[in-house]
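The sequence and structure come first, followed by the notes.

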Amino acid sequence: MPILGIETSCDETGLAVVERGRVLAERLASQADLHSLFGGVVPELASREHQRIIAPLFGALLNDAGLSVRDLNGVAVARGPGLMGSLLVGIGFAKGLCCATGLSLVGVNHLHAHLLAADMEQRIEWPALGLLVSGGHTHLYRMRSPTSFDLIGRTLDDAAGEAFDKAAKICNLPYPGGSHVDALSRGHAPDPKLFPRPYTDNDNLDFSFSGLKTAFGQLVAKRPHLRLARLALDDRDIGARLPGDVREELGMVLASLSLAVAETLTIKTARALDTFSDAKCLVLAGGVAANTMLRENMAALAASRGLALVAPSPRLCTDNAAMIGYAGEIFLASGLRHDLSLDAVPRGRIVPEDWVGGNCPA
Ligand code: ATP
Ligand code: FE
Ligand code: MG
């Protein structure tokens, strides 16, 4: 029976109907153009935009799926981490729906959903080792089972996605910059000596990316022509409009940054595989998992250990409601659900005691 997934943790209003891992319908309304005007997400504008759009979007979703509310079997909603005001819009909508219809409600950890997303396309073998790289997090997990993950490493400061977004901002590329950095890097040979592999000279599984932003800023200060004039917000093919020599140099510098991020993540992930050698596959998830160079590096690492790399297609890497619906489907099938007192958890781990009928899976 179909499950409704709701994602409003940040700046995308996502709704999807998922059944046995298959997406029956999906609607995603991005606010990127709105926040692009400010160079980052403005929390109050984000929640107001979710609030404006969520009910009409739900009507359109049911129409796409050819379903009515009575055909649904449960409602899964992202409960955190994320922006408090944004999360509350999705949770409020989910509760109203469950209250009116009696459908089961399940709150989903957004990060947990990112890590399970690839299982919709390619089977995760358990236990797995998972690297979640997104706009707000860089986390290594030992994934014991679909409902039980242990956090084994994390960033001490910036997330990998932030390193890309901040570097892009220094060059005046549109927000969020990660996909632009990736596109402009493609086909350019990186200089492996241009940037450090930060916080790798130790024996732990944590990360620190804030120094990369500083190193990138210092390099661009010496090459001011790489600070582009502000580009049109909706420009999807920036490279084609740059003079050839600037495109070449910017491509090399951004490829070098991408390599530094990819290799740093790979060094720590290799270390985690040494420590947790029972892992049967390597899972890569989150928006930065769409990055070309990171995927290549992780594929090589997995192959060197005789493991499969399980990474979602780019559409499922960034925020979406299908992953929330799928995680919800797994939780509900395991007997895990919430009552109508479900609360948002904008930061940190989900409190275990509030699950009805089982232990906390995240
Ligand atoms: P979190 O999941 O930690 O709460 P988030 O939901 O904002 O944060 P995601 O939507 O998972 O993060 O990912 C967005 C991030 O992914 C942004 O930092 C964006 O720049 C980055 N990103 C997207 N595509 C690419 C790419 N091809 N290369 C590098 N980074 C990318
Ligand atoms: Fe996310
Ligand atoms: Mg996002």
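**Helix H3**

In H3, the buried residues are Ser86, Leu87, Val89, Gly90, Ile91, Phe93, Ala94 and Cys98; a residue is buried if 20 or more other C-beta atoms, placed from the backbone, lie within 10 Å of its own, exposed if 12 or fewer, and partly exposed in between. The model is predicted: local features need pLDDT of at least 70, side-chain atom pairs count only at pLDDT 80 or more, and totals for chains, interfaces and linings use all residues. Residues are numbered from 1 along each chain as its sequence is written, while chains are lettered from A and ligands numbered from 1 in the order in which they are written.

- Strand S1 (3-7), helix H2 (43-65), strand S4 (74-80) and strand S5 (104-109) are among the elements covering the buried residues of H3.
- Helices (H or I, at least four residues) and strands (E, at least two) are DSSP runs, numbered from the N terminus.
- H3 (residues 84-101) has 18 residues and should span 26 Å at 1.5 Å a residue, which agrees with its end C-alpha atoms being 26 Å apart; the expected span is 1.5 Å times one less than the number of residues.
- Gly102, with a positive phi near 80°, follows H3.

**Shell around ligand 1**

- Ligand 1 is surrounded by 26 residues, the closest being Gly135, Gly136, Gly161, Gly178 and Gly287; a residue counts if its C-beta atom, placed from the backbone, lies within 6 Å of the ligand.
- Two or more shell residues come from each of helix H4 (110-116), helix H5 (160-170) and helix H6 (178-185).
- H6 gives the largest share, 4 residues.
- By class, the shell has 7 nonpolar, 16 polar and 3 charged residues; Ala, Val, Leu, Ile, Met, Phe, Trp, Tyr, Cys and Pro count as nonpolar, Asp, Glu, Lys and Arg as charged, and the others, Gly among them, as polar.
- Ligand 1 lies between domain 1 (3-116 + 316-334) and domain 2 (123-311), because both give residues to its shell; the bounds come from an automatic or database domain assignment.

**Annotated positions**

- An unreviewed UniProt entry places the feature "binding site" at His110, His114 and Asp319.
- These positions span 210 residues in sequence, yet no two of their C-alpha atoms are more than 8.7 Å apart, so they gather at one spot.
- UniProt positions use the numbering given here, feature names are shortened, and annotations may be inferred rather than shown by experiment.
- His110 is buried, with 27 other C-beta atoms within 10 Å.
- His114 is buried too, with 29 other C-beta atoms within 10 Å.

Methods:
Two residues are in contact if their C-beta atoms, placed from the backbone, lie within 7 Å.
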